[in-house]
Amino acid sequence: MDHVYEKNDPTKNEVHATTSEDPVSRNIVIKISKQILSPDGTMRQTKIENAKTIFHECIHAYLFVKAGNSNVGVDFVSTLNEMYPTPLAQHDFMYNNMIPTMQKVLGEIRDLVTKTPRRTILEGYTMHPTINPLTNAPFNWADFYKFISYSGLDEASCFKEYVLKDSNLLSLFNQYVTAGKIELDR
Ligand SMILES: [Zn+2]
């Protein structure tokens, strides 16, 4: 798609991607915006961020399918239907349950979507886990995967509760996301 909009509604904000379930056919449709994929896109992302976005949408699709498929573990289905019926609720699920899996997958594909010289530069970064007082820590890939996975979950109530209210954590999140955008894919 050239452009993708929140809730697939062109009057709403432009977004990176959406996953939705057709209420009648129950077909799941994933839309990825060209604006994140192409080098001159207005919302251009690094390759590893695009991999994260695709994985993120696949988790939505999986949760929609699980929630709509009554022959898979009845308890699990009713729990999903009650708790994760919308993309927003699914974001809370991802924040609470999927970050370790996203870290693992991104670690496995890292060398396919990044180059050694760029990784070496990123690994030389000093990050600041706290700002006041200022503390230093070396760049850490597990944290990088975690924080880029948080991108797109910013509307999730868990993210608001734990990250937005913690200025040090919010700063570290921004440091990691920015460092990756600056150094990778050059
Ligand atoms: Zn999402």
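Trainee: Where is the place of Pro133?

Mentor: Let's find it together in this predicted model. A cis peptide bond joins Asn132 and Pro133, with omega about 5°. Look for the strands on either side, S5 (126–127) and S6 (137–138), and you will see that Pro133 has its place in the loop between S5 and S6.

Trainee: Thanks! Is Lys7 exposed or buried?

Mentor: Start in the loop between strand S1 (4–5) and strand S2 (14–15), where Lys7 is found. Its phi is near 55°, a positive value in a residue other than glycine. Lys7 has 12 C-beta neighbours inside 10 Å, so Lys7 is exposed.

Trainee: And how does Asn8 count, by its C-beta neighbours inside 10 Å?

Mentor: Asn8 also lies in the loop between S1 and S2, and has a positive phi of about 55° although it is not a glycine. Here the count is 13 C-beta neighbours inside 10 Å, so Asn8 is partly exposed.

Trainee: Now the helices: at what angle do H4 and H6 pack?

Mentor: Good one! Two packed helices are described by the angle between their axes and the distance between the axes. For H4 (residues 87–113) and H6 (residues 141–150), the axes are 9 Å apart and the angle is about 120°.

Trainee: How many residues of the contact of H4 with H6 are charged?

Mentor: From H4, Ile99, Met102, Gln103, Leu106 and Gly107 meet Trp141, Ala142, Tyr145, Lys146 and Ser149 of H6. Sorting these residues gives six nonpolar, three polar and, for charged, one.

Conventions
Residues are numbered from 1 along each chain as its sequence is written. This is a predicted model: local features need pLDDT of at least 70, side-chain atom pairs count only at pLDDT 80 or more; totals for chains, interfaces and linings use all residues. Axes are lines fitted to C-alpha atoms, for helices over the stretch in contact, and angles run from 0 to 180 degrees between N-to-C directions. Helices (H or I, at least four residues) and strands (E, at least two) are DSSP runs, numbered from the N terminus. Two residues are in contact if their C-beta atoms, placed from the backbone, lie within 7 Å. Ala, Val, Leu, Ile, Met, Phe, Trp, Tyr, Cys and Pro count as nonpolar, Asp, Glu, Lys and Arg as charged, and the others, Gly among them, as polar. A residue is buried if 20 or more other C-beta atoms lie within 10 Å of its own, exposed if 12 or fewer, and partly exposed in between; C-beta atoms are placed from the backbone.
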